[in-house]
Amino acid sequence: MLNRIVLIGRLTRDPELRYTPANGVAVASFTLAVNRRFSSQGGQKEADFIPIVVWRAQAENCAKYLGKGSLVAVEGRLQIRSYEDREGQKRTATEVVADSVQFLDTKEKRSFDGPPAFDESMIGEDDVPF
């Protein structure tokens with residue numbers, strides 16, 4: 001049997017980092033927007049919004065280095081679990097538990113405002129070809 005998922009998409013919000021009350025293990029969650037390959041009948045692009053859960057050191061790294069709009073590749077497994085809410089209603093949650101999160105861009109790339117203004121002091125003697 002095989003339960004493996006590979007996704008590439010952008011975070012819809014900053015990761016939410018928490019620690020388990022029993023033993024203090026880090027857990028981060030975020031939602032990944034993954035574009036569909038096809039458009040709707042109206043010609044609009046569509047996306048799926050997939051909840052992701054990351055544990056331990058990888059969770060802390062995600063919270064530290066990722067933010068809304070970050071491009072990531074997630075590899076993990078699909079998990080479907082049931083629980084009772086505060087009103088006693090039975091609920092089902094579907095999420096991807098990530099084994100690996102690869103950062104495909106950085107905060108610096110996302111906030112890039114263009115190249116710096118040209119300044120002749122940026123050119124050294126060794127940079128001039130003649």
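## Getting your bearings

The protein has two helices and six strands. Please keep in mind that this is a predicted model.

**Exercise 1. Find the order in which the elements follow one another from the N terminus on.**

Step 1. Start at the N terminus and follow the chain: the elements run β-β-β-β-α-β-β-α.

Step 2. Now look at how the chain folds back on itself. Take the contacts between residues at least 6 apart in sequence: 59% of them join residues at least 24 apart.

Step 3. Finish with the surface. The protein exposes about 9800 Å², and carbon and sulfur atoms supply 50% of that area. Buried residues account for 29% of the 130 residues.

## Strands side by side

**Exercise 2. Work out which way strand 5 and strand 6 run relative to each other, parallel or antiparallel.**

Step 1. Strand 5 covers residues 71-84, and strand 6 covers residues 90-103.

Step 2. The two strands run antiparallel and are joined by 13 bridges. Two examples to find are G76, whose bridge partner in strand 6 is A98, and V72, whose bridge partner in strand 6 is F103.

Step 3. Look at the turn. Strand 5 and strand 6 form a hairpin with five residues between them, and G88 in this turn has a positive phi of about 85°.

**Exercise 3. Find out how strand 1 pairs with strand 5, and how strand 4 pairs with strand 6.**

Step 1. Strand 1 and strand 5 run antiparallel, with six bridges joining them. Within strand 5, V74 is the residue opposite L7.

Step 2. Strand 4 (residues 45-55) pairs with strand 6 in the parallel sense, over two bridges. Here V53 has V97 of strand 6 as its bridge partner.

## The nonpolar core

**Exercise 4. Identify the residues with the most contacts inside the largest nonpolar core.**

Step 1. This core has 19 residues, and those with the most contacts inside it are L7, L32, I52, V54, V74 and V101.

Step 2. Ask where the core residues come from. Two or more residues each are given by strand 1 (5-11), strand 3 (26-39), strand 4, helix 1, strand 5 and strand 6. Strand 3 gives the most, with five residues.

Step 3. Zoom in on L32. Leaving aside neighbours within four places in sequence, L32 has contacts that include L7, L11, I50, I52, V72 and V74.

## Around helix 1

**Exercise 5. Decide whether N61 is buried, partly exposed or exposed.**

Step 1. Locate N61 in helix 1, which spans residues 56-65.

Step 2. The relative accessible area of N61 is 35%.

Step 3. Look for its partners. Not counting residues up to four places away in sequence, N61 touches L66 and F103. The C-alpha atoms of N61 and A28 are 9.3 Å apart, although 33 residues separate the two along the chain.

**Exercise 6. Describe the aromatic pair formed by Y65 and F103.**

Step 1. A pair of aromatic rings is described by the distance of the centres and the angle of the planes.

Step 2. The count comes to one aromatic pair. Y65 and F103 form it, with 6.4 Å from centre to centre and 50° between the planes, and the pair is tilted.

Step 3. Check accessibility. Y65, at 42%, is partly exposed, and F103, at 33%, is partly exposed as well.

**Exercise 7. Decide whether P15 and S70 are buried or exposed.**

Step 1. P15 sits in the loop between strand 1 and strand 2 (16-19). S70 sits in the loop between helix 1 and strand 5.

Step 2. Buried means under 20% relative accessible area. P15, at 13%, is therefore buried, and S70, at 1%, is buried too.

Step 3. See what surrounds each one. Beyond four places in sequence, P15 is in contact with S29, F30, C62, A63, L66 and G67. A polar atom of the S70 side chain lies 2.9 Å from the backbone oxygen of G67.

Conventions: Residues are numbered from 1 along each chain as its sequence is written. This is a predicted model: local features need pLDDT of at least 70, side-chain atom pairs count only at pLDDT 80 or more; totals for chains, interfaces and linings use all residues. Side-chain values use heavy atoms; hydrogens and water are left out. Helices (H or I, at least four residues) and strands (E, at least two) are DSSP runs, numbered from the N terminus. Buried means under 20% relative accessible area, exposed over 50%, partly exposed in between (1.4 Å probe, protein chains only). Contact means heavy atoms within 4.5 Å. Rings of Phe, Tyr and Trp (its six-membered ring) pair if their centres lie within 6.5 Å; planes under 30 degrees apart count as stacked, over 60 as edge-to-face and the rest as tilted. A polar contact is a pair of N or O atoms within 3.5 Å; within protein, one must be able to donate a hydrogen and the other to accept it, and residues adjacent in sequence count only if both atoms are side-chain atoms. Two strands pair if DSSP finds at least two bridges between them. A nonpolar core is a set of buried Ala, Val, Leu, Ile, Met, Phe, Trp, Tyr and Cys residues joined through side-chain atoms within 4.5 Å. Accessible areas come from the Shrake-Rupley method with a 1.4 Å probe; for residues, only the protein chains shown count as cover.
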